[in-house]
Amino acid sequence: MKIDRRIIFVLIAISVAIPLIFKIGLPNKVTKEVKMVYDSIEELEQGEVVLVSFDHEASSLPEIKPMAQAILRHCFSKNLKVVSFALLAEGTAIGDEILRNVANEYDRKYGRDYVFLGFRPQYTAAILGLGEDLHRVFPEDYKGISTSKLNLTKEIKNYEDISLVVSLADGDLPTYWINYAEARYNQRVAIAVTAVMATTYYPYLSSKQITGLVGGLKGAAEYEILINKPGMGSKGMDAQSVAHVVILLLVVLGNVSYFLSGKLRK
Amino acid sequence: MRRQLPIIVCFGFGAFMLIQFFIPKRSFIFAYENVLDWMQIIYVFTLLVGVANYIKINSKKVSDKAKGWGYNLIALLGLFSMVILGFAKGTDQGSPFLWMFNNLQVPMQSTMFSLLAFFVASAAYRGFRARTKEATILLLSAGIVMLGRVPIGEMIHSSVPDLANWILNFPSMAARRGILIGIGLGTISTSLRIILGIERTYLGRE
Amino acid sequence: MDIGILTSALLTLFIFSFLYKDNPFYKFAEHLLVGISVGYFLVIAINTTVLPTLFLPLFKEGNLLYIIPGILGFFMFLRFFPKISWVSRISLALIIGAGAGVSIPAVIEAQIMAQMKASMLKFTSFDGIVVMTALCTTLIYFFFSKKHTGWFGAPAKVGTWFLMVFFGATFGYTVMSRISLLIGRLQFLLGDFLHIID
């Protein structure tokens with residue numbers, strides 16, 4: 001049975017749009033890997049430093065933003081200090097904005113509670129450099145203020161002063177964090193990646209080279225449950241469920257028609 | 001000279017960065033930190049060359065009035081408006097540069113990738129057939145994960161998310177680990193070939 | 001209505017119009033996107049990388065050592081001059097060589113030793129046996145120096161089954177990812193633009 005692809009397109013659009021308009025409220029469950037990221041932040045003491053790296057492009061914003069917001073909300077609610085930067089150019093403006101907005105929700109002050117350092121394109125050199133001297137890799141922050149003058153960064157020399165790295169990524173940049181920060185400097189690394197990249201990092205989860213894994217919008221929705229702050233992730237879960245069922249039904253339909261047409265030919 | 005010099009530089013820096021890992025001496029750390037800085041700076045210039053090349057190609061198409069040159073002009077206008085706004089008005093909150101980024105670049109780019117949702121659905125209908133044993137395993141694994149990782153899976157049966165979790169944490173993870181180790185071995189051999197000057201494709205032709 | 005939202009919505013629809021067929025609206029948005037992205041990159045790269053990592057230490061702090069990467073960086077632009085374009089290879093050789101050197105111990109430790117160790121530790125349970133079987137058969141499948149026939153062919157075949165499990169799971173997650181992106185865009189169109197949803 002041949003269906004015009006445009007009919008399939010309309011079907012997908014409807015299957016996503018309808019649950020967004022008429023909410024079903026399907027219950028979501030927290031998985032172990034997301035809880036592990038939550039725990040690795042939860043166990044930190046007030047004032048400890050978390051380094052959040054925006055390692056993604058603008059294309060994956062609908063997945064990255066809910067994850068970033070949930071993790072940053074958790075950090076600020078626990079009074080942790082956040083140092084942030086981007087290893088991909090587009091993550092720079094996005095990271096700066098998300099960080100500032102979430103920090104404002106908790107009345108956190110720039111320079112004292114959080115800092116955004118900007119962009120470094122050569123991942124290997126940047127990650128390794130942070131293991132030696134943060135001020136050398138980032139002499140200035142994104143606004144052009146010397147990192148030796150900002151209250152937060154002047155106290156940070158290298159990974160020894162950073163309790164956890166969180167890489168928000170849509171590609172293979174967490175691998176660089178694992179290879180160069182975790183393996184070489186024993187830096188604890190947690191990752192939050194787009195769903196398309198999630199399966200790639202399960203071996204690192206099993207080997208405990210990462211402290212946890214948040215995967216895509218679903219992962220964000222789970223994290224929102226853990227911090228008890230429903231956000232963009234939770235809002236999208238009904239649509240996500242319905243769209244998956246529709247695609248699976250299309251696959252079943254395709255297979256049934258394939259086998260039936262095979263039998264008819266015989 | 002044209003090929004020998006880069007090969008010598010490659011060997012020198014490659015061997016040093018490999019050896020310094022095992023020698024935590026002050027002089028080595030000093031040199032190592034400098035090389036990391038140099039890598040960062042040179043790398044950004046390589047990317048800027050890409051930008052310059054992009055401008056060159058598009059300008060040529062516009063000046064030659066090649067087919068579709070109007071689109072190349074739009075690309076150049078977009079590029080230069082970002083550059084002018086970025087350098088003239090800054091990149092801070094509320095700047096026109098950031099406005100362009102948030103209201104033009106971000107929505108267009110994420111929409112471009114969201115198109116794949118439609119194509120993946122269409123491809124799943126037309127091509128995802130249980131023709132062979134391997135294809136059936138692929139299909140079953142995909143189906144279980146697709147159902148098990150969204151709330152509706154739990155509603156169908158409580159074991160669906162558990163099964164999806166098991167697949168992800170054990171068989172799928174182990175297969176990926178096999179790929180990872182393979183990539184690791186490949187990376188080591190390629191890196192050694194580069195340092196020793198056996199692998200020279202990065203030098204280009206001539 | 002906010003001009004930003006209107007612009008975003010219009011450009012979003014231009015790109016969605018590709019679903020019907022390729023058309024001038026889509027082409028316009030496509031080229032505009034690439035142009036803006038390159039312009040954005042140029043500004044960010046110069047402002048946040050070239051200025052603080054090269055110009056600041058070299059011109060403000062007078063650290064003359066930075067002349068070397070400055071010159072090597074400049075060499076990259078010689079690619080535009082065919083007669084001397086070979087000079088840029090020196091800069092490339094430095095990055096590639098240093099990157100290769102630094103990657104060897106990191107990959108051995110993080111990608112090989114740590115992964116092997118993690119597989120051994122759980123060898124006693126059923127799940128551990130599944131992991132070990134999948135790992136060994138997958139590695140056998142990727143061993144192309146010997147033909148996949150006879151006694152060597154069977155585990156290689158099993159390896160392909162495990163690989164299919166991985167690819168299937170990845171496909172499932174890919175669908176998930178793409179749908180999430182679509183949800184994001186429709187949330188914008190139905191919410192910020194049309195105000196149908198919160």
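Predicted model: local features only at pLDDT ≥ 70, side-chain atom pairs only at ≥ 80, totals over all residues.
A pocket is here an open set of grid points with protein on both sides within 12 Å along at least five of seven lines.

**First stop: the second largest pocket.** Select A:Thr124, A:Tyr176, A:Tyr180, B:Thr187 and C:Ser103, which are the closest to the centre of the second largest pocket among the 28 residues that line it. The space here amounts to about 530 Å³. Next, colour the elements that each supply at least two lining residues: α5 (123–132) and α7 (173–185) of chain A, α2 (26–63) and α8 (171–195) of chain B, and α4 (88–121) of chain C. Colouring the lining by class shows 15 nonpolar, 11 polar and two charged residues.

**Second stop: the largest pocket.** Proceed to the largest pocket, which holds about 1000 Å³ of space. Its lining comprises 35 residues, and those closest to the centre are A:Leu61, A:Lys65, A:Met232, C:Phe188 and C:Asp192. Two or more lining residues come from each of α1 (5–21), α3 (61–77), α4 (89–105) and α11 (232–265) of chain A, α4 (96–127) of chain B, and α1 (3–16) and α6 (150–193) of chain C. Within chain A, domain 1 (1–27 + 233–266) and domain 2 (31–230) each contribute at least three residues to this lining. By class, the lining of the largest pocket consists of 16 nonpolar, 10 polar and nine charged residues.

Which residues form a salt bridge here? Select B:Glu134 and C:Lys157: their closest N and O atoms lie 2.8 Å apart. The count of salt bridges between chain B and chain C is one.

**Last stop: the largest cavity.** Three cavities of 30 Å³ or more are found in the whole structure, and the largest has a volume of about 60 Å³. The lining of the largest cavity divides into five nonpolar, three polar and four charged residues.

How values were computed. Residues numbered from 1 in each chain as written. Chains lettered and ligands numbered in written order. Heavy atoms only, no water. 1 Å grid on protein atoms, 1.4 Å probe; cavity = no way out; pocket = protein on both sides within 12 Å on 5 of 7 lines; lining within 4 Å. Points joined across faces, edges and corners; volume = space filled by probe spheres on them. Helix = DSSP H or I, 4+ residues; strand = E, 2+ residues; numbered from the N terminus. Nonpolar A, V, L, I, M, F, W, Y, C, P; charged D, E, K, R; others polar. Domains from an automatic or database assignment. Salt bridge = Lys/Arg side-chain N within 4 Å of Asp/Glu carboxyl O.
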